[in-house]
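Here is a short walk through ring contacts and chain symmetry. Take a look at the model first, and then let's go through it together.

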Number of protein chains: 2
Amino acid sequence: MAIAPAPIAEIRRGPFIESIHCGHAVICDASGGVIAAWGDPEAVVLPRSSAKMIQALPLITSGAADRFGLTDAQLALACASHQGATLHTDAVTRWLGDLGLDDDALRCGPEVSRDPEVARTMIREGAEPCQVHNNCSGKHAGFLTLNRHLGGEAEYINPDHPVQVACRAATEDVTQEDSPGYGIDGCSAPNFATTMHGMARAMAYFASAHSRGDSQSAAATRLVQAMYAHPVLVAGEGRACTRLMRAVTEPVALKTGAEGFFVAILPERQIGIAVKAADGATRAAECAIAALLVRLGAAQAGHPDVAAFLTPVLRNRRDIAVGEIRPAPGLLS
Amino acid sequence: MAIAPAPIAEIRRGPFIESIHCGHAVICDASGGVIAAWGDPEAVVLPRSSAKMIQALPLITSGAADRFGLTDAQLALACASHQGATLHTDAVTRWLGDLGLDDDALRCGPEVSRDPEVARTMIREGAEPCQVHNNCSGKHAGFLTLNRHLGGEAEYINPDHPVQVACRAATEDVTQEDSPGYGIDGCSAPNFATTMHGMARAMAYFASAHSRGDSQSAAATRLVQAMYAHPVLVAGEGRACTRLMRAVTEPVALKTGAEGFFVAILPERQIGIAVKAADGATRAAECAIAALLVRLGAAQAGHPDVAAFLTPVLRNRRDIAVGEIRPAPGLLS
């Protein structure tokens with residue numbers, strides 16, 4: 001029987017708890033065992049962009065990354081939900097150029113840049129959003145690189161395309177579960193379902209990969225190191241992944257996903273974390289992952305870049321502090 | 001003991017329920033009795049902008065509305081969370097001008113227009129958002145009109161200011177509850193807490209006001225009639241309140257509120273409805289209020305402006321249908 005989601009974050013306004021978020025959270029060790037859990041570890045979930053590191057594994061294990069000389073920065077972008085700032089779009093455009101491709105080869109669809117200044121400038125100049133502005137364009141540049149290596153046809157986002165077949169196999173391998181199916185993501189790629197336990201197990205696989213000698217583990221380690229070497233490429237200035245990866249007190253790779261997903265990889269402890277706000281709220285997932293990092297001692301609650309997500313102050317349109325977000329008490333200790 | 005919120009809406013992607021929203025919903029009759037409820041009728045809530053009709057009552061009962069010759073359009077704006085389209089901001093600016101005031105008299109704070117074309121045009125022209133663009137500027141024009149009538153000082157949003165004292169008294173009268181306090185709203189006005197039952201009771205008060213002869217009931221009827229005479233002023237083109245008020249099969253006044261609130265006033269049945277998504281999600285509140293209108297026979301599920309909120313299709317960045325929102329089965333029947 002399904003276990004109900006547990007409280008993970010609350011929204012306070014004045015003396016009242018105005019809203020409350022419930023969800024699931026699982027912490028796994030290197031063996032895949034559950035160290036701690038809230039809500040239902042067996043809940044079936046779509047990890048959305050929190051699965052990008054998994055989707056990037058075949059890019060390396062296939063030999064494509066080495067054949068095309070991908071840098072750590074490019075591997076970080078392959079795992080990124082970037083905000084379409086100039087440093088992101090320039091890097092993806094150059095990467096596509098290295099493959100002899102351009103924006104038209106992407107299948108992620110156009111998205112308004114999430115960088116406020118870029119978005120405003122594009123409106124002023126009458127420029128339309130391109131596919132490189134899509135927060136997933138780095139992942140798709142990775143897909144195109146793998147596809148060039150595999151010699152597949154252009155529609156690399158089809159679920160039976162060799163690129164996606166490889167992603168499914170990688171997902172099932174690191175989650176140690178048969179995926180019950182997929183949903184189509186915002187970027188049109190299939191997103192393979194797993195359980196919360198499966199996703200936390202996958203993150204623990206990444207966190208413990210450096211202790212193993214096989215080639216997929218080496219690929220996992222390379223991706224994790226690329227992410228925390230380039231936190232700004234994984235998301236962008238001001239974003240939770242970037243700010244938290246800079247603030248942690250030990251190397252941690254962090255990745256958000258749509259509909260309230262968040263994962264963390266802690267290589268020094270060889271543990272992985274998966275969080276899903278059951279209602280899909282990003283603010284709750286950000287608060288909960290910050291709380292679990294503080295709980296584990298990998299982040300300090302008083303660090304401004306941690307507090308910005310752990311206990312953010314809510315300000316109104318006159319910049320008056322009117323409330324705050326707080327983690328559910330059970331997450332912190 | 002608190003009753004847990006009940007499922008009100010679910011988010012589907014492919015074959016999976018990706019996210020689920022829980023909340024509270026109460027339907028009251030003219031006597032204030034509960035006809036139907038989901039979740040906890042005794043949950044203490046901040047009704048946010050769903051309380052604007054209540055906050056507009058003193059504007060009429062004080063005599064201010066008649067003294068300053070307010071039109072039904074202005075009364076609809078006093079109850080509105082408008083999107084800052086030109087028809088809204090022009091009307092509020094004229095209203096302020098009638099009082100010999102301008103944007104500086106408002107205390108709601110500036111807000112980027114929620115009308116996409118206005119927002120883009122302002123960026124192109126380098127124009128900064130004004131307070132009239134704030135979705136609450138009509139309510140605040142009403143506060144300023146009441147304040148002129150009462151002769152209060154300029155900071156009409158202070159909780160002990162006569163304008164807000166009058167709002168609190170109106171709230172306690174129509175909810176038939178002592179308010180346990182307030183939170184400061186996005187527009188800096190106090191927002192008085194009540195229970196879900198209290199808020200549904202208040203909406204039933206409005207719905208049955210035409211059956212009573214007292215002056216506050218007459219004011220309530222006038223506001224309800226102003227709202228459904230001017231659905232586009234209450235919100236704006238494309239917005240839930242506006243589209244649903246145009247689509248219903250009998251007169252219904254509808255009003256959204258931040259953090260997942262929604263209320264409905266059905267005068268022909270003399271019933272009121274209050275909905276609160278416990279997690280604060282607007283998409284869930286919109287779906288649930290549409291479902292309850294369909295349940296009661298006041299809206300048709302197949303009407304495109306109802307379906308747009310009852311069972312909206314979720315499309316990704318290539319405009320591919322990837323999922324949908326659906327009301328929890330228990331709401332519809």
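This is a predicted model: local features need pLDDT of at least 70, side-chain atom pairs count only at pLDDT 80 or more; totals for chains, interfaces and linings use all residues.

Side-chain values use heavy atoms, without hydrogens and water, residues are numbered from 1 along each chain as its sequence is written, and chains are lettered from A and ligands numbered from 1 in the order in which they are written.

## Aromatic pairs

Over all chains, a search of the whole structure finds 6 aromatic pairs. Rings of Phe, Tyr and Trp (its six-membered ring) pair if their centres lie within 6.5 Å; planes under 30 degrees apart count as stacked, over 60 as edge-to-face and the rest as tilted. Tyr182(A) and Phe192(A) make an edge-to-face pair, 6.0 Å centre to centre with 75° between the planes. Tyr182(A) is partly exposed at 31%, whereas Phe192(A) is buried at 5%. Phe143(B) and Tyr156(B) form a tilted pair, with 5.9 Å between centres and 55° between planes.

## How the copies relate

Chain B can be laid on chain A with an RMSD of 0.0 Å by a turn of 180° and a shift of 0.0 Å along the axis, superposing by least squares on C-alpha atoms of residues with pLDDT of at least 70 in both. The two copies are thus related as by a two-fold rotation axis. In chain B, Arg124(B) has the C-alpha nearest the axis, 2.2 Å from it.

Terms used. Buried means under 20% relative accessible area, exposed over 50%, partly exposed in between (1.4 Å probe, protein chains only).
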